Amino acid sequence: MKTYNRKIMSALAGTLAVACLTGCSSKQTSRVDGEKAGFVTVRDGKFAIGDSTYSYIGTNFWYGPILASDGRGGDRERLAKELDFLKHIGVTNLRVLAGADGAEGLASHVEPTLQTAPGVYNDTLLVGLDRFIDELEKRDMKAVIYLNNAWEWSGGYSTYLEWAGAGEAVNPAHAGYPAYMDYASQFVRNDSAKALAAKHVQAIVGRVSTVSGKPYAESPAIMSWQIANEPRPFSQESMRDFAEWIGETARLIKNIDGRHLVSVGSEGSWGCENSMDLWAEIHSIPEVDYATIHIWPYNWSWVKPATLSDSVGVAIANTGRYIDDHSLALARSLAGADGKGHSKPIVLEEFGYPRDAMAIAPGSAVSGRDRYYEYVFDKVASDGQLAGVNFWSWGGFANPAHETWQRGDDYTGDPAQEAQGLNSVFATDSTTLAVIRQAVARLK
């Protein structure tokens with residue numbers, strides 16, 4: 001965007017001033033210095049680490065920082081086991097949640113929460129995030145860390161709105177998603193809510209680790225700071241404000257930490273009120289380093305519960321079109337007056353396919369998922385159309401006790417509002433693990 005919302009920029013002025021005391025100097029770090037330190041960079045439309053192209057088969061592991069903590073929900077022994085297992089099968093890029101926001105005890109909500117009130121943090125979980133990043137460094141693994149969430153399951157949009165005085169947050173578990181989305185559409189038009197979110201960005205991105213003693217800005221384990229999980233305008237009325245907010249937040253992150261990449265976390269046109277132009281616009285912002293899309297064949301009604309195994313071909317055909325359409329739209333948007341421009345990598349950072357017959361138990365059949373994964377992984381391993389992928393999601397060694405998550409249950413890849421195990425890959429899913437290993441081997 002060439003213009004920015006003056007009200008929100010005024011509200012952010014204090015945050016930016018504080019951020020620049022610790023972060024603006026890192027913006028001057030040369031690309032060469034970053035490459036030598038093992039940071040992921042973008043060069044000629046591809047990811048690189050040093051002189052080598054970086055492409056990956058990764059996963060979503062949103063609860064990793066909770067496991068790394070010493071408090072409720074923490075399980076450092078399990079964390080080490082999960083990370084070692086993932087490293088062993090070649091999955092070393094993990095997309096994670098920095099932490100949840102808001103009150104506890106809510107239906108379909110992550111617990112424990114990191115930010116319990118505006119600017120008030122659970123220090124045990126902050127140390128968990130420090131430790132998680134440190135454990136990744138030890139294993140030469142990378143994290144994409146998202147800082148906000150358009151959806152209710154970790155707070156995000158709706159929590160900031162409630163804190164800003166927009167009324168009690170709507171919980172879709174009780175009121176339904178249409179009512180939630182109508183409420184959440186206010187976020188990008190509410191300067192107070194956006195200012196609270198910006199302060200959270202400054203607190204996390206500008207943090208100094210209590211484990212390593214280093215600023216997060218110096219950690220090569222962080223591949224990218226991500227603005228939000230699936231940020232949406234949620235209405236036609238909010239589309240312009242949404243684009244401006246994306247630009248403002250991307251610039252804020254770069255002012256704090258100019259060494260790491262910045263990404264949006266967008267689903268694609270599906271998350272932009274079906275506007276491919278809006279998706280291309282927000283990914284053309286100079287401070288946004290690469291493009292993201294998400295694909296959900298079942299959630300988007302491309303396949304039905306009764307045909308999960310038999311209709312993989314339909315899911316694959318639609319997936320191919322979705323990727324092609326976004327690749328073309330981004331190329332057109334980035335092209336300069338001479339038609340050349342500069343390309344950016346595209347990552348399919350979230351995609352899922354349910355177990356056969358909508359089963360949830362670890363070890364249950366996943367024939368449809370395996371075929372779908374093979375196709376998606378091929379987009380990285382063979383034709384290079386995607387620079388990386390992160391499947392949703394890693395359940396690992398979890399043993400879910402209930403169909404929906406309850407306090408004290410193991411964390412799976414499925415957040416609290418979803419059936420535990422439906423979209424998770426467990427360590428017992430031998431056929432899926434074989435598909436993953438084969439794809440990783442083709443990248444070497």
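Predicted model: local features only at pLDDT ≥ 70, side-chain atom pairs only at ≥ 80, totals over all residues.
**Stop 1**

Select the eight strands S10, S9, S8, S5, S4, S13, S12 and S11. Listed that way, they follow their order in an open sheet with parallel pairing. Now look at the edges. Strand S10 (261–263) stands at one and S11 at the other. Each has a single partner strand, so one side of each has no neighbour in the sheet. From one strand to the next, the twist averages 25°.

Next, pick out one pair inside this order. Select residues 93–97, strand S5, and residues 142–146, strand S8. The two run parallel and are joined over five bridges.

**Stop 2: isoleucine 293**

Move to strand S11, residues 291–295, and select isoleucine 293. Is this residue buried or exposed? Its relative accessible area is 0%, so isoleucine 293 is buried.

Show its contacts, leaving out residues up to four places away in sequence. The list includes a run from Ile346 through Val347, Leu348 and Glu349 to Glu350. Strand S12 spans 346–351. Other contacts of isoleucine 293 include Ser266, Glu267, Gly268, Trp279, Tyr322, Ile323 and His326.

**Stop 3: helix H14**

Select residues 430–443. This is helix H14, with 14 residues. From first C-alpha to last it reaches 20 Å, close to the 20 Å expected at 1.5 Å a residue.

Colour Thr432, Leu433, Val435, Ile436, Ala439 and Val440, which are buried. Then look down the axis of H14: the buried residues fall within an arc of 155°, so they line one face of the helix.

What covers them? Show strand S4 (56–60), helix H4 (76–89) and helix H13 (367–381), which are among the covering elements of the buried residues. Strands S13 (388–391), S14 (394–396) and S15 (425–426) are also included in that cover.

**Stop 4: serine 364**

Finish in the loop between strand S12 and helix H13, where serine 364 sits. Why does serine 364 count as buried? Its relative accessibility is 18%, and the cut-off for buried is under 20%.

Show the side chain of serine 364 and the backbone oxygen of alanine 361: they come to 2.6 Å. Beyond four places in sequence, serine 364 touches Arg355, Ala359 and Asp429.

Conventions:
Residues numbered from 1 in each chain as written. Heavy atoms only, no water. Helix = DSSP H or I, 4+ residues; strand = E, 2+ residues; numbered from the N terminus. Expected span 1.5 Å × (residues − 1). Buried < 20%, exposed > 50% of the residue type's maximum accessible area, 1.4 Å probe, protein only. Arc of directions from axis to C-beta. Contact = heavy atoms within 4.5 Å. Polar contact = N/O pair within 3.5 Å; in protein donor to acceptor, adjacent residues only side chain to side chain. Pairing = 2+ DSSP bridges. Axes fitted to C-alpha atoms, helices over the stretch in contact; angles between N-to-C directions.
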